[in-house]
Amino acid sequence: MSKEIKKTITINPIARVHGDATMTLEIKGDKIIRARTTSLYVRGFEKILVGRDPLDAPYLTQRICGICSAAHGVAASLALENMAQAKVPNNGLLLRNIAFAVDIIMNHITFLYVLALPDYFRPPSVSPLVPNPTKDYRLPAQYNQQLGQSYLQALTMRAIAHQLAALWSGKAPHQHGMLAGGFPLPPTAERVLESLSLLAQLKGFIIDRMLPDLELVGEFYPEYWLLGQGYGRLISYPTFPLDNRGTTVFKGGRVVAGKVLPLCPDKITEDVTRSWYRGGEEAPATGHTDIEPDKDGAYSWIKAPRYQGLPYETGPLARMWINGYWRRGLSALDRLMARAVEAKLIVNLIEDWLNQIQLRAPTFKPIKLPREGRGLGLTGAMRGALGHWVEIRGGRIAHYQIITPSAWNYSPADAKGQPGPVEKALEKTPVADPDNPVEAGRILRSFDPCYSCAVHTVTAKQEKLWRVL
Amino acid sequence: MLFPLVKTMWGKAGRLLKQADFRRLLRAGKNTYSFLADMLLPEVKRSWQPKDRLPVIWVEALSCTGDTISFENSLNPGSWEILTELIDLRYHYMLMAASGNDAMDVMYDVANSEQGRFILIVEGAVPIGDKERFTIVGTKRGIAGFETPDELLTAYDAISYLGRRARHVMAVGSCATWGGPSAAYPNPAGCVGVQKALPKRRVINVPGCPAHADWMVGTLAHLVLYGEPEIDAYGRPTDFFGQTIHNLCTRRQHFENGIFARKLGDPGCYYRLGCKGPVTFADCPIRRWNNTSNWPVEDNTPCIGCTAPGFPDEMEPFFHHLPDIKLPNITTTATAVAKAVAAVTAAGIGTHLAVTWGSGHLAKTIKRGLPLRQKPPRAGLTGKISNVLRSQKSLWYPDSNGKWDR
């Protein structure tokens, strides 16, 4: 029996993720046996929202995240419209979908090229891309050059995507068009035509560059079609509403063992056994955020969302699997591929929507909020299932709870000891060089980490953290 | 006109243009873009070796990364041109290749070997509550010179360590300048702006939620080529934040003529729907957002005052006219705070209205007994007129006293 050395390493900070974060890996021999992901900053957005005008929520919640701002704007608007039982003009929904969908395209291009792909191709030797300790680059020079060109092009394309979002929404990030009650800007023919021309550039990039580039990566890194499997349970919410009756483009649902099952939002709970909060398992509509920094066994500021007590993974892969566009597997590369496939689908959708816009139909109808009420806004975001639960009393926000996609993915272990989906996906990953675990970085990044979102909930002291690290 | 200037001004001092001319270009809205990209950057590249480019460390404290996203939205010059020709961005955790200790070593290497030469850019508020522990940006790697002995590097530690050694300190985004949304009531993490965290340093504040790419790139270009720009009492470069949105607004004439929007999505002035333009200093109306594609008021929504100190608390509620602010009888401290600060903002808006009411077209319109709401011109025509106005405004330069010729 060979003697296997057990080693614990901490990577702080993790580069090319969204938000300051760290990762602690226990490595035995050449495999990761346990992983913990911890976020390193706290903001307390849910506390900030209490006492404010509910109509401000779509703008304020966008400030949670700079890269997926539109998703929070949409979720907050949907929650308020749900509370007011508002009838939003279909034209307004269509325009909101366009502004949101373009932000998703921007996110996917930024994520794939700026954050994820430098793990697979050698990026240009310009700071901040030097020093680059990664040694495991396998693409031949000619293909590496191709990806290098795509990288530069992607920097322009993501800006063009935001230009298109701002054309409809005033500015991006933190779009002004995201409002409860529809979309404020009536469409004009010039805007539609300009959008179509900008969209053609994005479409060309996604079809000619993004998809072939990822296929190349898949060819030269075949083991990542198997690594990073996780639980194999996926969850996604309905995305892109088309009318007030609940018709959506992408359906919500769950995937368990490859089968698509329906989803009931009431069964979502948040577990705080391993998080520094008081209480047990609570539903988000009534859940609390009371901190308990000296709690035994806790190691994270992120709560653990669970569906019927089980951890679920979310993201474009879940959305594509449930709607039948990508069902190859559940590995790290599948997650990247699902993003590219989704980007292509969404570009085509935007084109359809732009052609469906009615130039003279109304786009906005002010909503009338009750003095007291509750609302739920569920949408698919760039990184998966995003839910806003809002309650107002006396015309002001009394309770706001947000479950972000990154909270689903980066959740800690729960009462039953089940680790979060990312921690699970990192387990059993072989590591060639324990001092520079590039494999762990690739798997972690395949989830498109967004700690700005994941940690918005917390408000607290951080003393316990020091002992953990 | 500019070509001979570039040729003659380029001398041993390394200056392309007189500073005044450069600033004129910064103010001219979208012209800055093409000027920087087409003329300045190639010149910078030709005369400066790559090693001469100023190193930049970009630290993210408590923020949403929106300013990085906005910085990357710069199209002309694109972010790649900025990285390869204008500055030498050595540390930015979201863009760099190295992680963990390799990344931290880069930061300490720049801080020590380039001491007094590098530019520190801070994005995000600095949490100083509870021993500054709410944001950790890395590890200390056993480097001496920190006030606290813990191995984890807090944002405050990083900023005070780097701030002492930097040539310039630039705070980008409303969180970094005054706390912004991170410091909104009840300020759970105890956030302050960079200037408060570094009281002994001059901090160049580039506010905005997020800051416009031009504001960041333009200020950075000024720092690189001419040193510190002229700043106002709040530390903002006056080239970008010298005028109120209201003064530059493309819908100013609607205000003067009393054409007010009644609900979101209407054309017209958004003053009665809570527009904070009268108290917000920024040049959004002439610069416009995202490669000049649009800006919030033209999107039929009010300005929410994101470049103003005190955003968002002092600027809320976003969709209510401040002097008519209605506060329900709930005794949360949030509303109490908002009430106190809103009064200041309201006073500003109120004074402005009083002046305009007495002297402007609004008063005349009302005196003549015309209905307040007039039918606005057709959208296409408005668009054309505002385009013409915009192109004219970009040609208006300040006179010798620095006043804008109006």
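1. A quick definition before anything else: two residues are in contact if their C-beta atoms, placed from the backbone, lie within 7 Å. Keep in mind that this is a predicted model, where local features need pLDDT of at least 70, side-chain atom pairs count only at pLDDT 80 or more, and totals for chains, interfaces and linings use all residues. Residues are numbered from 1 along each chain as its sequence is written, with chains lettered from A and ligands numbered from 1 in the order in which they are written.

2. Chain B splits into domain 1 (51-241) and domain 2 (245-393), with bounds that come from an automatic or database domain assignment. Where they meet, 17 residues of domain 1 of chain B are in contact with 16 residues of domain 2 of chain B.

3. Now for chain B against chain A: 76 residues of chain B and 77 residues of chain A take part in the contact.

4. On to chain A, which has 13 helices and 14 strands (DSSP runs numbered from the N terminus: H or I of at least four residues for helices, E of at least two for strands). Its radius of gyration, taken over C-alpha atoms, is 22 Å, close to the 23 Å that the globule rule (2.2 Å times the number of residues to the power 0.38) gives for 469 residues, so chain A is as compact as a globular protein of that length.

5. Along the principal axes, the C-alpha atoms of chain A fill a box of roughly 75 × 55 × 40 Å. Of the contacts in chain A with a separation of 6 or more, 73% join residues 24 or more positions apart.
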